[in-house]
Amino acid sequence: MLELAKSIFQKHADSIENPKDDKRIELETKLCEVYQLLGEVSIENENYEQAVEDLNSCLRRREELLPSDSRSIAETHYQLGVALGFNLRFDDAVKALESSISVLNSRVQKLESKSESQDPSKKDDAFYTREREIEEIKKLIPEIKEKIVDTRDMQEETKKKIKEGGLGAFESSSPSNSDKDKPVTNITNLVKKRKKSGENANGDEPTKKPHLEENGTNGVKTSNGNSEAKTNGKVETSA
């Protein structure tokens, strides 16, 4: 599905030699969306190393393709921070989250000076104003700062659990020699989740994701959940 869409977009993009060609840029944009979705799916499946790999690929491509104040770049930094945190790479996670805030702050500054990059998704939005976008972004930044605090708390809880259990507890929670090449997919035995008022009956926190990115995933997923790739006016799907 998504892997098939990735292959299709990559193949058609590579077939166009000129990197400035509008069609290639369109395909590269859709390819970034696929990498983003793959990363988010891997986070949901607790395959955090794969999520980090896919989101890094997405980020690298978006930074090459999009202007520096793009909210799509901020979104990828945020998701990468989430994946890195669950993968126990807490310092890297904080850096990614801080990068997300930095991009959003840059966006606000450019909006205020009326020098922001154009967002194609807002081209036909009759209700769009710079003031509304500034207000929206300023509401998002505190949520990301809260995520940074949560990540640092997770880091301290992990250190505490390892210290309390000693080396044996750390070894028991680490992959065995036969599994050392497999990604770490579950850290619940190391990290005690903080309870909040929004927890559900099972004690799990509801998924909360700041809506950093304005663009949708056009041409990537169909309404029935199938993957869809549009190339040269044709639509290719997989069930």
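What share of the contacts in the protein with a separation of 6 or more comes from residues 24 or more positions apart? The share is 66%, where a contact means heavy atoms within 4.5 Å.

Welcome to the tour. You are looking at a predicted model, in which local features need pLDDT of at least 70, side-chain atom pairs count only at pLDDT 80 or more, and totals for chains, interfaces and linings use all residues. Residues are numbered from 1 along each chain as its sequence is written, and side-chain values use heavy atoms, with hydrogens and water left out.

**The whole chain**

Start with a cartoon view. The protein has six helices and two strands, and from the N terminus the order of elements is α-α-α-α-α-α-β-β. Helices (H or I, at least four residues) and strands (E, at least two) are DSSP runs, numbered from the N terminus. Now colour by accessibility: of the 239 residues, 39% are buried. Buried stands for under 20% relative accessible area, exposed for over 50%, and partly exposed for what lies in between (1.4 Å probe, protein chains only).

**Stop 1: helix 3 against helix 4**

Select helix 3 (residues 48-65) and helix 4 (residues 71-86). Their axes come within 9 Å and cross at roughly 160°. These axes are lines fitted to C-alpha atoms, for helices over the stretch in contact, and the angles run from 0 to 180 degrees between N-to-C directions. Helix 3 is therefore roughly antiparallel to helix 4. By the cut-offs, angles under 35 degrees count as roughly parallel, over 145 as roughly antiparallel, 65 to 115 as roughly perpendicular and the rest as oblique.

The crossing of helix 3 and helix 4 is left-handed; that is, the near helix is turned anticlockwise from the far one by less than a right angle, while clockwise would be right-handed. Show side chains here. On helix 3, the contact residues include Tyr48, Val52, Leu55 and Leu59, and on helix 4 they include Ile73, Leu80, Leu84 and Phe86. The residues of this contact divide into eleven nonpolar, five polar and two charged. In this sorting, Ala, Val, Leu, Ile, Met, Phe, Trp, Tyr, Cys and Pro count as nonpolar, Asp, Glu, Lys and Arg as charged, and the others, Gly among them, as polar.

**Stop 2: helix 2 against helix 4**

Helix 2 and helix 4 pack at an angle of about 25°, with their axes 10 Å apart, so helix 2 is roughly parallel to helix 4. This crossing is left-handed. To see the meeting place, select Gln36, Glu40 and Ile43 in helix 2 together with Glu75, Thr76, Gln79, Val82 and Ala83 in helix 4. The contact of helix 2 with helix 4 has three nonpolar, three polar and two charged residues.

**Stop 3: charged pairs**

Side chains of opposite charge can pair when their charged atoms come close. The structure holds 15 salt bridges, each being a side-chain nitrogen of Lys or Arg within 4 Å of a carboxyl oxygen of Asp or Glu.

- Select glutamate 28 and arginine 61: their closest N and O atoms are 3.0 Å apart. Glutamate 28 is buried at 12% relative accessibility, and arginine 61 is buried at 18%.
- Go to glutamate 136 and arginine 71, where the closest N and O atoms are 2.5 Å apart. This pair links helix 6 (residues 130-173) with helix 4, across 65 residues. Glutamate 136 is partly exposed at 33%, whereas arginine 71 is buried at 4%.
- Finish with aspartate 91 and arginine 152, at 2.7 Å between the closest N and O atoms. Aspartate 91 lies in helix 5 (residues 90-112) and arginine 152 in helix 6, so the pair ties together parts 61 residues apart in sequence. Aspartate 91 is partly exposed at 43%, and arginine 152 is partly exposed at 34%.

**Stop 4**

Most residues other than glycine have a negative phi. Which phi does glutamate 46 have? Its phi is positive, about 60°. Find glutamate 46 in the loop between helix 2 and helix 3, partly exposed at 31% relative accessibility. Then move on to leucine 88, in the loop between helix 4 and helix 5. The phi of leucine 88 is also positive, near 70°, and leucine 88 is partly exposed at 29%.
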